[in-house]
Structures are given as C-alpha cells and as structure tokens.
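This briefing is meant to be read with the sequence and the 3D view side by side.

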Amino acid sequence: MKHGKKYNAAAAKYDLTKKYDVASACKMVQDMKFAKFDETIEAHVSLRLEKNATVRDTLVFPNQFRGEKKVLVFCKGEKVQEALDAGAAYAGEEYIDKVKDGWLEFDVAVATPDMMKDVGVLGRKGLMPNPKTGTVTPNVAQAVAELKKGRTEFRADKAGIVHIAVGKCSMDADKVVENINTLVAEISKKKPVGAAAGYVQSVSISSSMGPGVWVDMKEGE
C-alpha cells in the first residue's frame with residue numbers, strides 16, 4: 001500500500017518492526033500523529049480462534065473519550081419513567097413506529113425482554129438490541145447508566161481480530177495505557193473453552209491516520 005509523505009515521515013521516526021511495551025507504544029503513536037484533527041487511537045487484537053468461533057462482549061473503559069450517547073429504551077408501563085430517570089433520551093413503545101418511519105435520532109437502543117417481539121424493524125438498520133451486549137434487559141436503569149458512561153461493544157471479525165477505539169491522541173498517555181490494559185484483560189476473560197495456547201496472538205495500536213505499532217503484551221496484563 002502506498003502512503004503519503006507525512007505518513008512515511010512519521011513511520012521513519014521508529015523501528016516499527018519491533019514490539020514495545022504498551023506505555024512506549026502509546027507515546028510513539030501520539031508522537032507520530034500528523035493530522036490536524038484530534039486523531040482516535042485504535043487497538044487491533046488478533047486472536048487464535050477455532051473455525052466459526054468468535055468473541056463478543058461489552059466493557060466500560062476507565063477513561064472516556066467520547067461524548068455521551070443518546071439512549072433510546074423500548075419499554076412500557078413503569079419502565080418508561082425508570083429509563084428516563086436513569087438518563088435515557090427517549091423511552092416508550094411509541095418509538096417503534098417512529099423508527100419504522102425512518103426516525104434515527106439516537107445512538108443506541110435498549111429494550112425490555114417483553115418488547116423484543118415488536119422491535120424487529122431495527123434488525124435491518126443494525127440497531128437491534130441484543131442480549132449478548134446487555135441491551136435486552138429488564139434492568140433498564142443499569143443499562144442506561146452504563147451506556148451513558150461509555151459502555152462499548154467489542155467483537156472479533158471473521159479474521160479473528162478485534163478492532164476498537166481506545167482513546168484520543170490528545171489524552172494523557174497513561175489513560176490510554178489503562179484503557180488498552182482493560183481491553184486486553186476483558187478479551188482474555190472471554191477466552192473460549194478449549195482455545196489453544198497463544199489465544200491473544202498479537203496487539204497493535206495506531207492513530208486514525210498514522211502507522212501501527214506492535215505492542216509487547218501478554219494476555220491479561
């Protein structure tokens with residue numbers, strides 16, 4: 001792949017074939033930033049998975065770097081007020097028809113179990129609440145609170161790689177390090193039963209526009 005002059009100049013600052021401890025890797029990524037905007041720092045965790053196996057869950061990073069999410073809760077009865085009191089932007093069963101009509105002024109949707117038979121429309125839009133990500137639950141107050149704190153889903157793709165944002169270049173490097181450690185620890189906890197040794201094969205980080213840096217990290221560090 002061909003890269004521009006700024007990318008190549010950034011990459012020339014370090015030996016990117018080597019692995020670095022997570023703190024050094026974070027500082028390198030921040031040092032190589034060249035875009036005028038505040039680039040996102042991304043982690044890429046390659047996993048050794050059996051065929052057709054995957055890893056999927058959610059976590060709350062200790063150091064947030066995104067704005068608060070607008071949460072929509074599909075629910076009825078007393079759960080409506082419970083969701084609104086917890087900070088949901090919208091709550092109620094009437095929003096099903098609004099979404100059917102194309103309304104999408106929210107970031108994430110939650111549903112109580114009794115509403116799932118009515119919210120199938122969201123599946124086509126990639127917004128369907130899912131029990132695996134904690135967005136189908138009778139405890140709407142807890143779900144809303146965690147989502148507003150920045151609860152984020154991680155999932156291995158078909159190649160067995162988890163791609164996820166872990167911070168911003170403007171953040172203190174120590175905070176990005178803590179987020180990366182939290183991510184790898186959570187992924188390690190989700191190791192499938194019977195997975196081979198070396199479940200976490202490799203970890204790399206990069207800014208949105210910059211070169212990647214290999215991280216020398218053991219599972220659960």
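A nonpolar core is here a set of buried Ala, Val, Leu, Ile, Met, Phe, Trp, Tyr and Cys residues joined through side-chain atoms within 4.5 Å, where buried means under 20% relative accessible area, exposed over 50% and partly exposed in between, with a 1.4 Å probe and protein chains only. The model is a predicted one, in which local features need pLDDT of at least 70 and side-chain atom pairs count only at pLDDT 80 or more, while totals for chains, interfaces and linings use all residues. Residues are numbered from 1 along each chain as its sequence is written, and side-chain values use heavy atoms, with hydrogens and water left out. Helices (H or I, at least four residues) and strands (E, at least two) are DSSP runs numbered from the N terminus.

**Nonpolar cores**

- The largest nonpolar core has 40 residues, and those with the most contacts inside it are L47, I164, V166, I180, I205 and V213.
- Two or more residues of this core come from each of α1 (5-11), α2, β2, β8, α6, β9 and β10 (213-215), and the largest share, six residues, is given by α6.
- Setting aside neighbours within four places in sequence, I180 is in contact (heavy atoms within 4.5 Å) with V22, C26, V166, I205 and M217.
- A second, separate core of 14 residues includes L72, Y90, Y95 and M115.
- As general background, nonpolar side chains tend to be buried together in soluble globular proteins.

**Helix α6**

- Helix α6 covers residues 173-189, and at 1.5 Å a residue its 17 residues should span 24 Å, which agrees with the 25 Å between its end C-alpha atoms; the expected span is 1.5 Å times one less than the number of residues.
- The buried residues of α6 are A173, V176, V177, N179, I180, L183, V184, I187 and S188.
- Among the elements that cover these buried residues are α2 (22-31), β2 (40-47), β3 (56-60), β7 (151-155), β8 (161-168) and β9 (200-207).

**Strand β2 and its partners**

- Six of the eight residues of β2 are buried, so this strand is largely enclosed by the rest of the structure.
- β2 pairs with β8 in the antiparallel sense over seven bridges, and two strands count as paired if DSSP finds at least two bridges between them; within this pairing, H44 has H163 of β8 as its bridge partner.
- β2 is also joined to β9 by seven bridges, again running antiparallel, and E42 stands opposite S206 in β9.
- S204, found in strand β9, is buried with a relative accessible area of 14%; apart from neighbours within four places in sequence, S204 is in contact with E42, A43, H44, V213, W214 and V215.

**The three-stranded sheet**

- An open sheet of three strands has the order β5-β4-β6, with parallel pairing.
- β5 (90-91) and β6 (108-111) stand at the edges with a single partner strand each, so one side of each has no neighbour in the sheet.
- Strand β4 (residues 71-74) pairs with β5 over two bridges in the parallel sense, with V73 opposite A91 and L72 opposite Y90.
- The parallel pairing of β4 with β6 has four bridges, and A109 in β6 is the bridge partner of L72.
- Both faces of β4 are covered, with V71 and V73 buried on one side and L72 and F74 buried on the other.
- Helix α5 (residues 140-148) packs on the sheet, touching β4 and β6, and its direction makes about 165 degrees with that of β4; axes are lines fitted to C-alpha atoms, for helices over the stretch in contact, and angles run from 0 to 180 degrees between N-to-C directions.

**Aromatic rings**

- The structure holds five aromatic pairs; rings of Phe, Tyr and Trp (its six-membered ring) pair if their centres lie within 6.5 Å, and planes under 30 degrees apart count as stacked, over 60 as edge-to-face and the rest as tilted.
- The rings of Y90 and W103 have centres 4.9 Å apart and planes at 85 degrees, so this pair is edge-to-face.
- This pair links distant parts of the chain, 13 residues apart, with Y90 in strand β5 and W103 in the loop between α4 (95-100) and β6.
- Y90 is buried with a relative accessible area of 17%, and W103 is buried with one of 13%.
- The rings of W103 and F106 have centres 5.6 Å apart and planes at 35 degrees, so the pair is tilted, and both residues are buried.
- Y90, Y95, W103 and F106 form one aromatic cluster.
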